[in-house]
Each structure stands twice: as structure tokens, then as C-alpha cells.
Amino acid sequence: FVDQDVDLDNGDCNQDGLRVNGSLELNDDFFVLGAVSDVSGNRGCGSEAITAGIGYQTLFGADSSIYGALSFERISPDIGSSDSGLVAAVGLRGFVLDKLEAKAEISHHTAFDGNTVLGGGVAYWFAPRFAVTGDVGLGSEASEVAVGLRLNF
């Protein structure tokens with residue numbers, strides 16, 4: 001579940017809804033990623049977004065990794081025209097406690113007016129394959145808070 005605040009030319013838009021994202025390791029270094037979201041909000045604002053990309057990761061210490069990703073993003077607002085662009089991201093992710101994973105990321109989205117986001121999040125692994133997650137992203141044009149579940153298989 002994601003809750004977003006988006007700065008628009010005609011005012012602010014507060015929208016929320018569901019997002020499904022995932023990644024798949026191709027080998028020890030490269031991975032593919034993707035996401036689909038559908039959010040709706042006040043004053044008729046809302047959007048659907050699809051993202052797909054490729055990334056590279058390398059170990060950074062015993063229990064963490066540093067990564068970079070380049071993705072293509074298409075955003076289709078409920079009102080107005082759609083736009084597409086690239087997303088470049090770099091981040092650090094790793095365990096800070098036995099069952100608690102944390103991440104920090106900076107990304108830049110080129111769709112519409114562009115949006116640079118400083119993000120962070122945590123995942124608590126309550127079972128070997130399942131975690132509850134919390135994320136926050138503070139952006140120049142849009143900010144968001146998200147909670148969810150993660151499954152590793």
C-alpha cells in the first residue's frame with residue numbers, strides 16, 4: 001500500500017493505492033526489476049504506473065550490498081496525458097540487526113517535470129521467506145510512504 005503527495009501545476013494531489021514490485025537475480029551481479037501501481041486520490045487525481053529495468057549489485061561488507069539500476073517508467077494519470085521516462089537509482093541495502101534489513105536510495109525520474117527522490121526503508125523478516133516492510137521517499141515533486149509484505153523465493 002502506498003500513499004503519495006504529488007505537486008501539480010494546479011495544486012497538490014494526495015493519492016493512494018496498491019503497488020506490486022519485484023526483482024529477479026540473473027546472476028551474482030545483475031538483476032531485473034519491475035513494478036506496477038494503481039493509485040487514486042482527491043479531486044479526481046490518480047494514476048497507473050509501470051516500471052521495468054535492469055540493475056547491478058556488488059557486496060559492500062559482510063551483510064550488505066550497493067546497487068545501481070536503470071529503468072523505463074510509464075505514468076498514465078487519470079486526468080491528462082501520459083508520459084514516459086528513465087529512472088536512474090543508486091542505493092545501499094543490508095542487515096542492521098539479525099532480522100532487520102535497511103536501505104537508503106537516491107533516484108531521479110525523468111517523466112513529466114522530473115522528480116529526484118531520497119528514499120529509505122526497513123524490512124523485518126519474521127520468517128525465513130517473509131518480511132513486513134516500511135518505506136519513505138522524499139522527492140522534489142512527489143513524496144510517498146508505503147507499507148507492505150515481501151516474499152523471497
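A residue is counted as buried under 20% relative accessible area, as exposed over 50%, and as partly exposed in between. In the predicted model described here, R93 has a relative accessibility of 36% and therefore counts as partly exposed. R93 takes part in a salt bridge with E101, in which the closest N and O atoms are 2.6 Å apart.

The structure holds four salt bridges. One of them joins E144 to R19, with 2.9 Å between the closest N and O atoms. E144 belongs to strand β10 and R19 to strand β2, so the contact ties together parts that are 125 residues apart in sequence. Both side chains fall in the intermediate class of accessibility: E144 is partly exposed, with a relative accessible area of 23%, and R19 counts as partly exposed at 29% relative accessibility.

One disulfide is present in the structure. The disulfide is formed by C13 and C45, whose sulfur atoms are 1.9 Å apart. The link of C13 and C45 is right-handed, with 90 degrees about the S-S bond. C13 is located in strand β2 (residues 11-25), whereas C45 is located in the loop between β3 (30-41) and β4 (46-59), so the pair ties together parts that are 32 residues apart in sequence. C13 and C45 are both buried.

Strand β2 also contains G17. With a relative accessible area of 12%, G17 is buried, as the cut-off for this class is 20%. When residues up to four places away in sequence are not counted, G17 touches F1, V2, D38 and V39. Of these contacts, F1 is 16 residues from G17 along the chain, and the C-alpha atoms of G17 and F1 are separated by 5.7 Å.

Aromatic rings were examined next. A pair of aromatic rings is described by the distance of the centres and the angle of the planes. Two aromatic pairs are found in the structure. In the pair of F30 and Y56, the ring centres are 5.1 Å apart and the planes lie at 65 degrees, so the arrangement is edge-to-face. This pair links distant parts of the chain, with F30 in strand β3 and Y56 in strand β4, 26 residues apart. F30 is partly exposed at a relative accessible area of 37%, and Y56 likewise counts as partly exposed at 39% relative accessibility.

The aromatic pair of F126 and F130 is stacked, with 6.4 Å from centre to centre and 25 degrees between the planes. F126 is found in strand β8 and is partly exposed, with a relative accessible area of 46%. F130 is partly exposed as well, with a relative accessible area of 42%.

F126 and F130 are also members of a nonpolar patch on the surface, which is formed by Y124, F126, F130, V132, L149, L151 and F153 and has about 830 Å² of accessible area together. The elements giving two or more residues to the nonpolar patch are β8 (115-127), β9 (130-139) and β10 (142-151).

A backbone feature occurs at F112. Most residues other than glycine have a negative phi. F112 has a positive phi of about 55 degrees although it is not a glycine. F112 is placed in the loop between β7 (100-109) and β8. With a relative accessible area of 41%, F112 is partly exposed.

Technical notes. Residues are numbered from 1 along each chain as its sequence is written. This is a predicted model: local features need pLDDT of at least 70, side-chain atom pairs count only at pLDDT 80 or more; totals for chains, interfaces and linings use all residues. Side-chain values use heavy atoms; hydrogens and water are left out. Patches are made of residues with over 30% relative accessible area and no salt bridge: like charges are joined within 9 Å, nonpolar side chains (Val, Leu, Ile, Met, Phe, Trp, Tyr) within 5 Å. Accessible areas come from the Shrake-Rupley method with a 1.4 Å probe; for residues, only the protein chains shown count as cover. A salt bridge is a side-chain nitrogen of Lys or Arg within 4 Å of a carboxyl oxygen of Asp or Glu. Helices (H or I, at least four residues) and strands (E, at least two) are DSSP runs, numbered from the N terminus. A disulfide is a pair of cysteine sulfur atoms within 2.5 Å. Buried means under 20% relative accessible area, exposed over 50%, partly exposed in between (1.4 Å probe, protein chains only). Contact means heavy atoms within 4.5 Å. Rings of Phe, Tyr and Trp (its six-membered ring) pair if their centres lie within 6.5 Å; planes under 30 degrees apart count as stacked, over 60 as edge-to-face and the rest as tilted.
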